[in-house]
Amino acid sequence: MDTESQRWRWWALGLAAGLLLFLPQLYAQGPAQNQKPIKWGGDTDGGFPYVFADRIDPEKVIGFEMDLAQALEKEIGRPIVFEQRTYESLLADLGRGDIDVAMNGLEIIPERLKRVAFSRPYYIYQLQLVVRADESRFKNLEEAKAKGMTIGTLGATAAERLLQDQGVSLKTYDDQQGPYDDLRQGALDGVLMDLPIAIYYAAPDKKLQYSQLKPGLKFLGPAFAEGYYGIAVRKDDKELLEQLNRGIDNLLNSGKLKDILQKWQLWTPDQYRLYEPIDVVAGGDDMRFADYLPLLLWGAVVTVLITLASFALAVAIGLFIALLRMYGPAPLRWFGVGYVEFFRGIPVLLLLYFIYYGLPALVPGLKLNAYIAAVLGFGLNYAAYEAEIYRAGISSIPRGQWEAAASLGMSSPMTFRRIILPQAIRVILPPMTSDLVALFKDTSVVSIIAVVELSKQYQILTKSGGGYLQIGLTTAALYLVMSVPLGYLSRYLEHRWGAKH
Amino acid sequence: MALLGPSGGGKSTLLRCLNGLNTFDTGQIRVGEHVLRSGPRHGAEIHGIRRLFGMVFQDFQLFPHLSVLENVIEAPLHVQGMTRSDAVERAEHLLQRVGLGSHLHAWPQQLSGGQKQRVAIARALAMQPRGLLCDEITSALDPEIKHEVLRVLEDLKRDGLTLILVTHEMGFARRAADRVVVLCDGRILEDGPPAQVLEQPRTERMQMFLQRVLG
Ligand SMILES: Nc1ncnc2c1ncn2[C@@H]1O[C@H](COP(=O)(O)OP(=O)(O)OP(=O)(O)O)[C@@H](O)[C@H]1O
Ligand SMILES: [Mg+2]
């Protein structure tokens, strides 16, 4: 009995203490406060110094925006939870309601203001041109343009827009690392990105904890073309916008935002202007059909060229592998079997990554153009499938044909070339044509290595301006115009020749 | 020369060895000055033997992607390196001889079995061999059609061509062959002129074989 009452007393005490601790907070936030967490979308993929996975504990997401989010959490009184999203889809995800806010170095630009609302800015960025340390051909963007230099940048950013507006030849990337890697390997002449990124990848004099320094690069000239980073919210989410603005306001006035930026070495005197009102308004024209059609058509041409070149390579290598596998001596035969199993077993995406990013790292001095890497990747991958088609076709020709040719004095290579292959083609052609159709559609994957073909062009066009439906329908129409006749050809060949065997 | 014998006796095997299509474990094969030995193939010797003897198969094995004429000129053009006009001239002559002068541009699929087999004979002859090896070349044909092929063979023999044929046509063997060899279990059971082998067989097994075949 004694212990029972004691336990009860402890319990009551604990409850009271808990209430005492939490009550002030509950009161401060007001009883009407919504405790629903705010879903914050960002991309940790190569996202220094915004949000990225901690190298020591990859489960942990850190970065100056993470610090900002945690500070805002306290100001607003609602938990902010991070959700991993791809950078390109942030605004689309926001519109769909998958996330409540998007914060990932998103510049406040007129086109975006048409689709979403932005909080007051939390950072004033500038653009920084980075070149190889030994660069002497140009000293600024104008000279780079005049000399026909190619500048790399992130897709759907203010930097991309600036390069486009100035007519500089440019190449867009999905990640921050790619452009700097390509610059070092000579595939690019310069990289124009936001200063925070440039600092973390190419400023050797800064002592940064999380620096991703790529040696052999330098800043070219001072940073320029400033703009604002803001937090994007849905336009109808007025309450949240209000909360965010008040939160950033408080962080500015208490000096906490400055502390965070200083911690990440991002503070510059320019940031004092964060205290002033900003004047970016929604604007920019909707893309018109006549504007985007040429871009999509060019994308279609690239798609067709990559498809044809890859397939030609696949058909050639495939025949070679099939011959090794069927007629080669034992070690070569095993190689043929290994080749087929290997390339059928790994995703083509991985292969493309490896060829484009991995090979140049392994082989010093190797400069792989993204288009060549794409053709190589798909050529090697599809060769495995074509080899099996060849093998099936060639084995379907009866042995008697070999013997009849041999008895006429024909050598094996001659028999293969003049008697077996021409007959096997009839068995081979229908499945090969349907592979061609498949490859045609598969090529959309190459966008991951900075090749701008039809699908990628669609992505680029819709990223900044929206217009998913019209541009999407045009893109689909272009694909269909090309793939439907191919499909018919495949079925025709199947019907014509496939049935006889 | 006619090769006779029960099924599984080794007739096809012998013929294929003679043309270098099969290897063998013991013994040797001599054709003219060419010698095939057991063990790994010897390309040059096989090639020499194939120049001396053409081969005709039971299931024709015409090249289906080539027309009748192209079937016949294929080897002269690409193995012997003849000019096209010479090869065509020879092929037309040969096809006329086997009675297919009007089917030069037909496709193999369009021909009857007997016609196919005669194209196959013309194709083998186009390499100007000294003889032909024929393995049951009439077995897949209807009885009425067999004769057109057999007639061609008799005609060729009259012209001095050496024919080694595996056949189940006893009547034809007796009528046309100079020599009959009977194979049984991979060994020669009888060997001699048809009158002797078919009419007065020396071995008991041969008598049983004849009884079974002739009924
Ligand atoms: N001399 C031999 N030594 C070893 N094996 C032999 C010999 N002759 C024949 N054989 C074997 O006997 C089997 C049947 O031979 P083959 O097909 O030549 O018979 P065939 O006389 O053509 O019969 P069919 O009349 O049915 O066509 C084959 O597997 C072959 O390897
Ligand atoms: Mg046989």
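**Close-up 1. Asp135(B) stands opposite Val166(B) in strand β6(B).** This is a predicted model, in which local features need pLDDT of at least 70, side-chain atom pairs count only at pLDDT 80 or more, and totals for chains, interfaces and linings use all residues. Residues are numbered from 1 along each chain as its sequence is written, chains are lettered from A and ligands numbered from 1 in the order in which they are written, and side-chain values use heavy atoms, with hydrogens and water left out. Helices (H or I, at least four residues) and strands (E, at least two) are DSSP runs, numbered from the N terminus. β5(B) and β6 (residues 162-166) of chain B pair in the parallel sense over 5 bridges; strands pair if DSSP finds at least two bridges between them. Over at β4 (residues 53-56) of chain B, 4 bridges link that strand to β5(B), again in a parallel run. Here Met55(B) has Leu133(B) of β5(B) as its bridge partner.

**Close-up 2. Strand β5(B), residues 131-135, is largely enclosed by the rest of the structure, because 5 of its 5 residues are buried.** Buried means under 20% relative accessible area, exposed over 50%, and partly exposed in between (1.4 Å probe, protein chains only). In a regular strand, side chains alternate between the two faces of the sheet. Both faces of β5(B) are covered. Gly131(B), Leu133(B) and Asp135(B) are buried on one side, and Leu132(B) and Cys134(B) are buried on the other.

**Close-up 3. The open sheet of chain B has 6 strands in the order β4-β5-β6-β1-β7-β8, with mixed pairing.** β4 and β8 (187-192) of chain B sit at the edges with a single partner strand each, so one side of each has no neighbour in the sheet. From one strand to the next, the twist averages 20°; angles run from 0 to 180 degrees between N-to-C directions, and axes are lines fitted to C-alpha atoms, for helices over the stretch in contact. Strand β1 (residues 2-4) of chain B runs parallel to β6(B), joined by 2 bridges. Leu3(B) has Val166(B) as its bridge partner in β6(B). Helix α5 (residues 113-125) of chain B packs on the sheet and touches β4 and β5 of chain B, its direction making about 165° with that of β4(B). Contact means heavy atoms within 4.5 Å.

**Close-up 4. Helices α3 (residues 68-78) and α4 (residues 84-97) of chain B pack at an angle of about 130°, with their axes 9 Å apart.** That angle makes α3(B) oblique to α4(B). The cut-offs: under 35 degrees is roughly parallel, over 145 roughly antiparallel, 65 to 115 roughly perpendicular, and the rest oblique. From α3(B), the residues at the contact are Val68(B), Leu69(B), Val72(B), Ile73(B), Pro76(B) and Leu77(B). They meet Arg84(B), Ala87(B), Val88(B), Arg90(B), Ala91(B), Glu92(B) and Leu95(B) in α4(B). By class, this contact of α3(B) with α4(B) has 10 nonpolar, no polar and 3 charged residues. Ala, Val, Leu, Ile, Met, Phe, Trp, Tyr, Cys and Pro count as nonpolar, Asp, Glu, Lys and Arg as charged, and the others, Gly among them, as polar.

**Close-up 5. Over in chain A, helices α2 (residues 64-76) and α10 (residues 256-263) pack at about 160°, with their axes 9 Å apart.** That makes α2(A) roughly antiparallel to α10(A). The α2(A)/α10(A) crossing is right-handed. Phe64(A), Asp67(A), Leu68(A), Ala71(A) and Glu75(A) make the contact from α2(A), and Lys256(A), Leu257(A), Ile260(A), Leu261(A) and Lys263(A) make it from α10(A). The contact of α2(A) with α10(A) splits into 6 nonpolar, no polar and 4 charged residues.

**Close-up 6. Phe60(B) and Gln128(B) sit in loops of chain B.** Most residues other than glycine have a negative phi. Phe60(B), not a glycine, has a positive phi of about 65°. Its loop lies between β4 and α3 of chain B, and Phe60(B) is buried, at a relative accessible area of 14%. Gln128(B), also not a glycine, has a positive phi of about 50°. Gln128(B) is in the loop between α5 and β5 of chain B and counts as exposed, at 52% relative accessibility.

**Close-up 7. Asn19(B) lies in the loop between α1 (11-18) and β2 (28-31) of chain B.** At 0% relative accessibility, Asn19(B) counts as buried. Setting aside neighbours within four places in sequence, Asn19(B) is in contact with Ser407(A), Ile46(B), Arg50(B), Phe53(B), Met55(B) and Leu133(B).

Terms used: A crossing is left-handed if the near helix is turned anticlockwise from the far one by less than a right angle, and right-handed if clockwise.
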